[in-house]
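Please open the structure in a viewer and keep the selection tool at hand.

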Amino acid sequence: MYQPDKVEKVCKECEEKTKIVYGYNDSFFKPKLKGINFLQLGRSSMITNPITITIEFLYLVYSKIRNAYQALMKFLFPRREKIMGHNKNTQVVGNITFARKADIHVPLHNMRCELWTRSWWFSWRKLGDCTSQRDGSFVIEFDLRAARRFTNRAIQFEIHQHTHVYYKDTSVHPVYELFKTIKIPKKDIIGMQYSLHTIQLFYWEYRDDAPVPRVVIKDHDKDAPQYYAQGRQDAFIEQVTPIELTKIKHMEQLAFAPETITMESLQNDYPENLTRCIERELPGYTRSDEWMGKRMMNGMNRAYFEPDENDKDCYWVKYYGVCRYAHNEKFALPTAKMKFRLREDGLPMPIHLVLIGPINAFNKDPFQEHVFTSDDGDDWQHAKRVFRVNGSFTTELDEHFTGTHLNTEQYAIAAYRNLRLNPIATLLQPHLKEVVLINHSADQLLLSEFIPNVTALTPDGINQRTRDVLGMQDWANWQPMEPLNEIHTAARAEQLFWDVLHKFVGEFIQDNLAEIRAHWFEIHRFSEDLVNHAVPVFLSDIDMSELPDEQRELAEDRFDYYSKQYCFDTTVTRETRDGELKAVSPITHSDDFDEDNADDEIARLHHACTYMIMVATYLHTWINEHQYEQLGEVLYSCGGLRFGDKERGVIAPESDLSISPGLARASQGLWFGNILSRTEYGFITANNENDVNPKLIEMLLEKEEEFKALNVDVHSIESRTNI
Amino acid sequence: MKPEKKFSMYRVFINWLKSTWDKFYLWFFCRFFTFFIAIALGLRGIRMSHNNGIAGKGRLKIVDDLDLPNNDFFKPGHEFNIRVRHASATFLDDAMKVIRSCSIKFSDHHFNSPFDIQLNSGNFGVFWSAISFWKFASSRAEKWGVDWVKYNHDYPQGSKGAQLGVRRHATSFHNVRYYSQSPYLFITTEGIKYYCKYKVRPFEDVAETGIDPNPSVIDACNQRILPHETRGRNFLKDEYEDRINREGAKYRLQIQIRMASDDEDPEIFNNMTPWDEERFPWKELAEFEVSEVLDWDESCRTTFSLKHMPKSLGIIPAKSVYDYNSMNYMRANTEFARKVRLFAYRVFGPPKPIPDDDNRNVT
């Protein structure tokens, strides 16, 4: 048995010791990763050759000169807002719509349109501006004579998009960037109206080939709806380069000198994580029941404990396996249900585990049950490992990727497509930024290359599963996890953050109420896009009566557990669109603010906004920053266990390397864990991009000590989902 | 309210310079255009647009109960010999979807007269200034009856004018309503300035024919005859000749009038903006009847000019090529091209009559 005081001390010390710090010193002639978008599972694009580094350096010098030149031009020929001419007798008219085939009749409202001309000596002259109407039409009125002046060289129509905001002192400044330019020959401007007809913009388009709401990114460097901030790129490159070098070293070793690498040496090449640190001081502790209880309660998993109907003080944690999803025959992913009993001090202790589904390569019955209890000695330990691995995988794919990344993306797309003049854009955009970019990277790297090679699910299976789990995510009546007791710090911290956020959003809405109401139709369009593109509620598109009994019971059990785990209120009346019962509830139902139900309208907006920010910031950060603790030791936990070639299958000791991932996949897994946990950027309190509302920072700092008491460092909470 | 700019002699000078330049440019532009038309078309004996027409002659009488301010020209009960010419714009095929016109000359002479007026079907123009006319003329790109694709695409009002002005399958030139669209001066005997617009309609209250019941942006450029068309290339002219020989054609000339003011909104001069008919109702100006059709040669020779107007009814001075009044200024200043055309007739003879063959959709 372990001395509680010593355990406490060691755990604290190891938490401090393995806490992620940013200490890579970049210098010239050192290898460097090219950028976030150049990550590869095998070998990322690194700049290693000194000649290439020199050329890269020269290119950087060139771009600095070019940027300086552009800045000089901007200084010499500023774009002044003063509008030329007095007699607004001519108009440029047109209509802006989305360009996706299914969206060509969907208008783009409130886009800023400007008409500029340049003189022969390059100075800019503004002729007029406007914002597009609800139907996407725009009319820029301008002075014909001012446009046709012989000193003018060319006329151009510009559409500017609202990209982001930044705060200076306490005031917010929207930033507009040029999105599209259309040249108009000066000689074609002859008075009355000049029509540009329908301008179709590829602007935050929904993908047609994805089962969940995703944005189209044609080229992440040149043709994306958004780009990473330079600071985010730099932070990433700085952190990832040494990890990437380690992975490359392993790949080279495995290719050319496999005798020089073992699981242990591979593990030692990566930074030490929490479990390995504790294991060094307290051997066996991280495999103990007590540790499992701690991690399930307050670790990365922050599992949902479902009360046992018959046994007071007992709870179930369930991780569903392959279910009906497309899967391979190499990896085990049985459904794992573990029963916990609360100890006197409130810590849940595992007592009983049921594994449903294949645990070896021979018996493929998907509903075979294997029961283990704490009295089963070694098998209990081995079964706990299966539970741990399933828990890690499920937490990563269901809670992290689907629950935060994909969930946030659906709000981000709808928000960027529709919120421009409404102050809610200012509230949400800093938190919904960049998620579509990292999700785009995840498509190839994580969902196509990594997960199908280290877990039981195939790419199709992953798509099916993420669609189902997203079908249990909704803002309506969502509440943070209910704490089981005092030591359930993860739930208490979640509650505390929700309270801060709820208060902040409430005050923001009250401060901007008039403008929010004035531009309410943006909220309606936002809500409509959200609902129309949402996935169906889990199981709502399946005829349950056609399922075999066992499948139906499993599906119902999942629905029941998920609805509690994700706080999905099944009593809410949801809308059916195109024959699908949509998972996301509408925020409002009309273009105009409903004065008769003003309180309800505001309450729904308040709750929905709080939820979006909560998911994109706190919920994402929680799993993200605890990943390396849980997945930084391959034999402790990983993405998936192989069946191996023995009858016992996955109920085997850690020393049986035939069931753990191969060395290449192990290295890649550790590489992933490091990347996800170590490259965070855009913390709320650090406010790296000056886009976080200072009031939110102030409110969080006021609660810093309370968070600290719950083992949460407010300075490590990210303002967005960007890794 | 403070003035937008401070007064200074420098500003006065600059503005004077600008306006002088504008006027010079307008003058030059129109001279250049006239010269171009004279060389390119006049010498070949071709009108600028309305080549496909028929002219007749008759009598016009200013109504006795004239409800207008006193004017030196329009005197109640006064009578004139007149020539009237109806035409279809641009194409030599009456069955096409084209604008129809009516021109009146207050004399029985092919050129000289105290007052000419030119009117077109539709209360809405296709172009609105000298510069827009140039754009219109230079962007025709006609192919077998389809034309002005870019113009219609770029200028919604131009397209609207084309859709509303055309009269396909009018049963007669006689029942179409014709509008001057652009306003003219109307100065009273006392010297008070008014602006006016003219309209011609059949004397009897018969329905207008040829209006497109379902105008469309998509089809605005397509002026071709309909598939399976049975009407001939000259069916309207033939009908008009038969009508004159049978019963004559009687019309009313109407006028809309509004008093000028010193801070006029330029939009009132815009031929794309009809005046409100409730505020400025159409008043009876004259009645006229065409009783005899002129032969083809005389019909070709009969020409109309906005220069032929008394001082009290002239065109409104234009300030620049962008000015809405520059339309009429340009029309009035193309007399040289007409004279060159008449000269070409004397040398080479007038063009041949349009044959009733199956060479359709042609200019």
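**A hairpin in chain A**

Select Leu115(A) and look across to E5(A), where Gly128(A) is its bridge partner. The model on the screen is a predicted one.

Next, colour strand E4 of chain A, residues 112-119, and strand E5 of chain A, residues 124-131. The two strands run antiparallel and are joined by seven bridges. Four residues lie between E4(A) and E5(A), which together form a hairpin. Within the turn, select Phe122(A), whose phi is positive, at about 70°.

**Chain A as a whole**

Chain A contains 19 helices and 18 strands. Along its principal axes, the C-alpha trace of chain A spans about 90 × 70 × 50 Å. Does the radius of gyration of chain A, with its 723 residues, agree or disagree with that of a compact globule? A compact globule of 723 residues would have a radius of gyration near 27 Å, and chain A has 28 Å, which agrees.

Of the residues of chain A, 45% count as buried. Among contacts in chain A between residues at least 6 apart in sequence, 73% join residues at least 24 apart.

**The nonpolar cores**

In soluble globular proteins, nonpolar side chains tend to be buried together. In this model, the largest nonpolar core has 244 residues. Select Ala415(A), Leu428(A), Cys609(A), Met612(A), Val650(A) and Ala130(B), the residues with the most contacts inside this core. Then display helix H16 of chain A, residues 598-631, which gives the most to this core, with 15 residues.

Centre the view on Leu428(A). Which residues does Leu428(A) contact, leaving aside its neighbours within four places in sequence? They are Ala415(A), Leu419(A), Cys609(A) and Met612(A).

Another core, of five residues, lies apart from the largest one.

**Where the chains meet**

Finally, show chains A and B together. Their contact takes twelve residues from chain A and 13 residues from chain B. On the side of chain A that touches chain B, strand E3 (88-98), helix H3 (144-147) and strand E9 (192-201) each supply at least two residues. E9(A) gives the most to this side, with four residues. The residues on this side of chain A divide into five nonpolar, five polar and two charged.

Definitions and conventions:
Residues are numbered from 1 along each chain as its sequence is written. Chains are lettered from A and ligands numbered from 1 in the order in which they are written. This is a predicted model: local features need pLDDT of at least 70, side-chain atom pairs count only at pLDDT 80 or more; totals for chains, interfaces and linings use all residues. Two residues are in contact if their C-beta atoms, placed from the backbone, lie within 7 Å. Ala, Val, Leu, Ile, Met, Phe, Trp, Tyr, Cys and Pro count as nonpolar, Asp, Glu, Lys and Arg as charged, and the others, Gly among them, as polar. The radius of gyration is taken over C-alpha atoms; the globule rule is 2.2 Å times the number of residues to the power 0.38. A residue is buried if 20 or more other C-beta atoms lie within 10 Å of its own, exposed if 12 or fewer, and partly exposed in between; C-beta atoms are placed from the backbone. A nonpolar core is a set of buried Ala, Val, Leu, Ile, Met, Phe, Trp, Tyr and Cys residues joined through C-beta atoms within 7 Å. Two strands pair if DSSP finds at least two bridges between them.
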